[in-house]
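Reader: Walk me through how to read a helical model, please. I'd like the general idea for each feature, then the case at hand.

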Amino acid sequence: MAGKGGKTFNISEKQLEDMVKKASQAGIEAYKKEHQESTKEKVQRLLYRTKTLLEKYRELKAYEENAVYTLEMAEDVNHDIADLELLTKFGVFDDDKTLHRLKRSVVTVSMVMTHVDTMLEVYRKTCESSASEVKQRQYRVIERLYLSEKRMNTKEIAELEGEDIRTIQNDAKTAREDLTALIFGLDGVLTRILRE
């Protein structure tokens, strides 16, 4: 082969074979590393989504239970409060798109929250029927942190449970990982696989 300055290099078949083998191995290793990083990022996004769902649980339930998106539901609205002129300025009555988007949003939130509630119930039953005190405590931690009407912080839960704050934080983290597997199905199972 010709190199720079017109020099010629001779490479044996064995050398060429070794070069190709090394390049292939380097490519495979780079692909594996990229795939592992991508998987970790996906898991982190799912864990973040689970935490956000739990943090916003009370607000989403209130939205689901109180949203008004049909005329029948609007009949109960206090007409003194509903300013039709203001609603008209915002374009609510210009076309059906605004009301359609609102209804779609309410239906979507309702479906998501029904699924989340079902998975929380599955998790509750699993934890409460477990022989493990730790598993039972993990559900109580999630319930007190996110689901109860009067939320508690980790310090308050630690005092109530007679544990240190770090233990309660670890319980919450483990419970969120378990819930991620339940809420997001196969994608969420990655959290368990990577944890183990």
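**Reading the helices and their contacts**

Reader: Let's start with one side chain: is tyrosine 139 buried or exposed?

Author: Burial is judged on relative accessible area: under 20% is buried, over 50% is exposed, and anything in between is partly exposed (1.4 Å probe, protein chains only). Tyrosine 139 comes out at 7% relative accessibility, so it counts as buried. Keep in mind that this is a predicted model, where local features need pLDDT of at least 70, side-chain atom pairs count only at pLDDT 80 or more, and totals for chains, interfaces and linings use all residues. Residues are numbered from 1 along each chain as its sequence is written, and side-chain values use heavy atoms, with hydrogens and water left out.

Reader: What percentage of the protein chain's residues count as buried?

Author: Of its 196 residues, 25% do.

Reader: How much of the contact in the protein chain comes from residues 24 or more positions apart?

Author: Contact here means heavy atoms within 4.5 Å. Taking contacts with a separation of 6 or more, 61% are between residues 24 or more positions apart.

Reader: What does cysteine 127 touch?

Author: Leaving out residues up to four places away in sequence, cysteine 127 touches Lys135, Gln136 and Tyr139. Cysteine 127 is in helix 5 and is buried at 0% relative accessibility. Its C-alpha is 6.2 Å from that of tyrosine 139, 12 residues along the chain.

Reader: Now helix packing. At what angle do helix 6 and helix 7 pack?

Author: Two packed helices are described by the angle between their axes and by the distance between those axes. The axes are lines fitted to C-alpha atoms, over the stretch in contact for helices, and angles run from 0 to 180 degrees between N-to-C directions. Helix 6 (residues 133-147) and helix 7 (residues 154-161) pack at about 140°, with axes 10 Å apart. Under 35 degrees is roughly parallel, over 145 roughly antiparallel, 65 to 115 roughly perpendicular, and the rest oblique. Helix 6 and helix 7 are therefore oblique to each other.

Reader: Which residues meet in that contact between helix 6 and helix 7?

Author: From helix 6 come Arg137, Arg140, Val141, Arg144 and Leu145, meeting Thr154, Ile157, Leu160 and Glu161 of helix 7. That makes 4 nonpolar, 1 polar and 4 charged residues. For the classes, Ala, Val, Leu, Ile, Met, Phe, Trp, Tyr, Cys and Pro are nonpolar, Asp, Glu, Lys and Arg charged, and the others, Gly among them, polar.

Reader: How do helix 7 and helix 8 cross?

Author: Their axes come within 8 Å and cross at roughly 105°, which makes helix 7 roughly perpendicular to helix 8. Thr154, Lys155, Ile157, Ala158 and Glu161 of helix 7 make the contact with Ile165, Ile168 and Gln169 of helix 8. By class, that contact has 4 nonpolar, 2 polar and 2 charged residues.

Reader: And where do helix 1 and helix 8 stand?

Author: The axes of helix 1 (residues 13-55) and helix 8 (residues 165-184) come within 9 Å and cross at roughly 95°. Helix 1 is thus roughly perpendicular to helix 8. Their contact divides into 7 nonpolar, 2 polar and 4 charged residues.

Reader: Which residues is leucine 53 in contact with?

Author: Setting aside neighbours within four places in sequence, leucine 53 contacts Leu60, Val112, Val116, Ile183 and Phe184. Leucine 53 belongs to helix 1 and is buried at 17% relative accessible area. Threonine 180, found in helix 8, is buried at 0% relative accessibility.

Note on methods. Helix = DSSP H or I, 4+ residues; strand = E, 2+ residues; numbered from the N terminus.
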